[in-house]
Amino acid sequence: MPNDPLSATFAALADPTRRAILARLSKGETSVTELAQPFDMSLPAVTKHLKVLERAGLITRSREAQWRPCRLAPEPLKGANDWLEDYREFWEASLDRLEDYLADVQGQKRPARARKVPTPKKQERGAPP
């Protein structure tokens, strides 16, 4: 598992089973057994997926007698969203400039639109150039 939190988050999200588990946990906490029900795999295989999610900080697991509830921990997802947001803003601005250029070349006036004020880029998030 990668050392930095962002890499760990994306590595955990790379698997569709783990994404399905997170989607289920977004509806509320549940037991490992209940999480395993929709999957055509053994309970130990589901537990391995849960360990990856837990190491990435995406879920927390606890123990209450025989019940082992899992909960979504959304903080790492916010970090991933923030990182992706920088790229979304970069590409939207690039596409807006292309649209302006094409309208200018074609001699058309482009309708005015509200421009989003860019947020300050955080270098530690690996912001685009």
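1. Helices (H or I, at least four residues) and strands (E, at least two) are taken here as DSSP runs, numbered from the N terminus. The model is a predicted one, in which local features need pLDDT of at least 70 and side-chain atom pairs count only at pLDDT 80 or more, whereas totals for chains, interfaces and linings use all residues. Residues are numbered from 1 along each chain as its sequence is written, and side-chain values use heavy atoms, with hydrogens and water left out.

2. Buried here means under 20% relative accessible area, exposed means over 50%, and partly exposed lies in between (1.4 Å probe, protein chains only).

3. Leu58 deserves a separate look. Once its neighbours within four places in sequence are left aside, Leu58 is in contact (heavy atoms within 4.5 Å) with residues including Thr9, Ala12, Leu13, Leu22 and Leu53, and also with Arg71, Leu72, Ala73, Pro76 and Leu77.

4. Five salt bridges are counted, a salt bridge being a side-chain nitrogen of Lys or Arg within 4 Å of a carboxyl oxygen of Asp or Glu. One of them joins the side chains of Glu29 and Arg71, at 2.5 Å from N to O. Because Glu29 lies in the loop between H2 and strand S1 (30-31) and Arg71 in strand S3 (residues 69-72), this pair ties together parts that are 42 residues apart in sequence. Glu29 is partly exposed, at 35% relative accessibility, and Arg71 is also partly exposed, at 30%.

5. Within helix H5 (residues 75-105), Asp82 and Lys78 lie four residues apart, about one turn of the helix, and they form a salt bridge whose closest N and O atoms are 2.9 Å apart. Asp82 is partly exposed at 22% relative accessibility, while Lys78 counts as exposed at 51%.

6. Glu85 and Arg88 also form a salt bridge, with their closest N and O atoms 2.2 Å apart; they are three residues apart in helix H5, and so are separated by about one helical turn. Glu85, at 21% relative accessibility, is partly exposed, as is Arg88, at 31%. A network of salt bridges links Glu85, Arg88 and Glu92.
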